[in-house]
Amino acid sequence: MTDANTWLIRIHTAPYISPRAALGLDATLSCGAFGQAVKLVLEGPAIELLKPLTAAPEGGRNLHKMIASLPLYDVDRVYLLSEDLTTIPDTTFDELQITLVNSGELANLITSSRHVLSF
């Protein structure tokens, strides 16, 4: 059974190529800021969001820093679709857990969420 205020946000586009990954992070932060239960799933090229940047693109935001700030918005876990990984990203976040899920587990996350957004 789904709760009325559960959100699953799937980001599957590469960061910095288009604004879609940034919009997905904005949606995640907004849900958390308004007390909604939110789950974030990174798929395919979006897994690059976990890698730190030396500098943000000109005129752009550092999306890795946005990922690192998720615990401030009550989002303490990021799910990675394991089928999209060739290697596990070498990242460390103080209060953010990285959890691998397969396609069956992703399907369970989707069915247990009231709202699903895909970017």
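Tutor: Asp74 is exposed, because its relative accessible area of 67% is over the 50% cut-off. In this predicted model, Asp74 sits in the loop between helix 2 and strand 3. Its backbone deserves a look too. Asp74 is not a glycine, yet its phi is positive, about 65°. Most residues other than glycine have a negative phi.

Now compare another loop. Tyr16 lies between strand 1 and helix 1. Tyr16 also has a positive phi, near 70°, and is a residue other than glycine. Tyr16 is partly exposed, because its relative accessible area of 32% falls between the 20% and 50% cut-offs.

Thr13 belongs to the loop between strand 1 (6-11) and helix 1 (20-33) as well. Thr13 is buried, because its relative accessible area of 12% is under 20%. Look at what it touches. Leaving aside neighbours within four places in sequence, Thr13 is in contact with Arg20, Ala21, Pro45, Ala46 and Phe119.

Go back to the elements on either side of Asp74's loop, helix 2 and strand 3. The largest nonpolar core has 26 residues, and Ile11, Leu40, Leu42 and Ile67 touch the most other members. Helix 2 (63-68) and strand 3 (77-81) are among the elements that give this core two or more residues, along with strand 1, helix 1 and strand 2 (37-42). Helix 1 supplies the largest share, six residues.

Take Ile67 as an example. Not counting residues up to four places away in sequence, Ile67 touches Leu25, Leu40, Leu42, Leu49, Leu50, Phe93 and Leu96. There is also a second, separate core of seven residues, and its members include Tyr79, Leu81, Val101 and Leu106.

Finally, step back to the whole chain. It has three helices and five strands. Along the sequence they follow the pattern β-α-β-α-β-β-α-β. Of the 119 residues, 40% count as buried. Now take the contacts with a separation of 6 or more: residues 24 or more positions apart account for 70% of them. The accessible surface of the chain comes to about 6,700 Å², and 53% of that belongs to carbon and sulfur atoms.

How values were computed: Residues are numbered from 1 along each chain as its sequence is written. This is a predicted model: local features need pLDDT of at least 70, side-chain atom pairs count only at pLDDT 80 or more; totals for chains, interfaces and linings use all residues. Side-chain values use heavy atoms; hydrogens and water are left out. Helices (H or I, at least four residues) and strands (E, at least two) are DSSP runs, numbered from the N terminus. Buried means under 20% relative accessible area, exposed over 50%, partly exposed in between (1.4 Å probe, protein chains only). Contact means heavy atoms within 4.5 Å. A nonpolar core is a set of buried Ala, Val, Leu, Ile, Met, Phe, Trp, Tyr and Cys residues joined through side-chain atoms within 4.5 Å. Accessible areas come from the Shrake-Rupley method with a 1.4 Å probe; for residues, only the protein chains shown count as cover.
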